[in-house]
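The exercises below concern the fold of one chain. Work through each task before reading its solution.

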Amino acid sequence: MAGTAPILALDGVSRSFDDGRIVGVDNVTLDIGRSEVAAVYGPSGSGKSTLLNLMAGLDVPTRGTVAYDGRIVPSAAGWTRLRGERIGIVFQDFNLLPTLTASENIEVAIFGRVSPAAERRRRAAARLAEVGLAHCAARLPRELSGGERRRVGIARALVNDPELLLADEPTANLDSASGAAVANLLLRLPETRRVSLVVVTHDASLLARCARRIRLIDGRVAEDMRTEGAIAA
Ligand SMILES: Nc1ncnc2c1ncn2[C@@H]1O[C@H](COP(=O)(O)OP(=O)(O)O)[C@@H](O)[C@H]1O
Ligand SMILES: [Mg+2]
């Protein structure tokens with residue numbers, strides 16, 4: 001039933017490439033619960049990004065099914081709607097448009113769905129404040145540090161008030177202080193926003209703070225560990 005089902009349910013999901021010669025994800029069955037924090041880790045090439053793309057509906061399984069909130073998503077259009085309304089994605093490579101300000105980069109994510117422009121601007125400002133970057137609204141990406149760009153990416157992913165946030169290596173290539181700031185920000189969201197968080201990472205300090213840790217090897221779930229109790233935020 002909607003609302004009580006896991007936010008995501010993967011059942012026997014595989015994704016291969018090149019007519020099956022390359023295995024991306026191999027027979028993965030797992031649920032992501034509401035307000036759960038799950039880290040996905042494993043060696044390079046183990047299928048982490050492929051798995052995250054399948055969870056976002058940006059890619060389609062070659063076998064198995066992905067259900068969102070209890071329902072198998074029937075089409076690419078269904079996934080597009082979910083990404084517009086209920087899922088936020090923090091991309092590995094920032095994906096900020098270089099000629100737009102931080103605020104504008106966030107506003108474009110809701111262009112066509114939220115109007116007037118002043119309301120888009122207001123929402124962008126609120127999300128920038130939420131990630132501690134209220135003072136950066138008018139800056140271009142090149143005027144921001146790596147950590148600040150990541151936080152703008154998170155603000156953009158939050159602009160539609162998602163119930164599921166997917167992040168691919170959000171602390172990669174950041175110094176430890178900036179990485180910790182990004183980790184602090186992400187890890188408090190499940191509580192402050194009741195968002196489920198799936199984070200691909202090989203950052204040991206971030207991994208250690210995630211209540212659930214899913215280890216992939218060769219596209220398969222090699223380990224799925226849970227720590228009881230609250231995460232250290
Ligand atoms: N579009 C693609 N075409 C062919 N092979 C791919 C594609 N995407 C991923 N792969 C392969 O699938 C495997 C898993 O890749 P990926 O999910 O990117 O791993 P990770 O994010 O863990 O480094 C790798 O062998 C990779 O080369
Ligand atoms: Mg990857």
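**Exercise 1: the open sheet**

The model holds an open sheet of six strands with mixed pairing, in the order S6-S7-S8-S3-S9-S10. Strands and helices here are DSSP runs, strands (E) of at least two residues and helices (H or I) of at least four, numbered from the N terminus. Two strands pair if DSSP finds at least two bridges between them.

This is a predicted model, in which local features need pLDDT of at least 70, side-chain atom pairs count only at pLDDT 80 or more, and totals for chains, interfaces and linings use all residues. Residues are numbered from 1 along each chain as its sequence is written, chains are lettered from A and ligands numbered from 1 in the order in which they are written, and side-chain values use heavy atoms, with hydrogens and water left out.

Solution. 

1. Strand S7 (residues 164–168) pairs with strand S8 (residues 196–200) in the parallel sense over five bridges. Leu166 has Val198 in S8 as its bridge partner.
2. S3 also has a parallel pairing, with strand S9 (residues 212–217), over four bridges. Here Ala38 is bridged to Arg212 in S9.
3. S9 and S10 run antiparallel and are joined by six bridges. The partner of Arg212 in S10 is Arg226.
4. The hairpin of S9 and S10 has two residues between the strands, and Asp218 in this hairpin takes a positive phi near 50°.

**Exercise 2: strands S1, S4 and S5**

Task: find the sense in which S1 and S4 pair, then the residue with a positive phi in the hairpin of S4 and S5.

Solution. 

1. Strand S1 (residues 8–17) and strand S4 (residues 63–68) are antiparallel, with five bridges. Asp11 is placed opposite Thr65 in S4.
2. S4 pairs with strand S5 (residues 71–72), again in the antiparallel sense, over two bridges. Ile72 in S5 is the bridge partner of Ala67.
3. Two residues lie between the strands of this hairpin, and Asp69 takes a positive phi near 50°.

**Exercise 3: helices H5 and H6**

Task: describe how H5 and H6 pack, and name the strands that H6 lies across.

Solution. 

1. Helix H5 (residues 146–157) packs on helix H6 (residues 176–193) at an angle of about 15°, with the axes 9 Å apart. Axes are lines fitted to C-alpha atoms, for helices over the stretch in contact, and angles run from 0 to 180 degrees between N-to-C directions.
2. That makes H5 roughly parallel to H6 (an angle under 35 degrees).
3. The contact (heavy atoms within 4.5 Å) is made by Gly147, Arg150, Arg151 and Ile154 of H5 and by Ser178, Val182, Leu185, Leu186 and Leu189 of H6.
4. H6 lies across strand S3 (37–41), S7 and S8, and runs at about 155° to S8.

**Exercise 4: the whole chain**

Solution.

Key. Angles under 35 degrees count as roughly parallel, over 145 as roughly antiparallel, 65 to 115 as roughly perpendicular and the rest as oblique.
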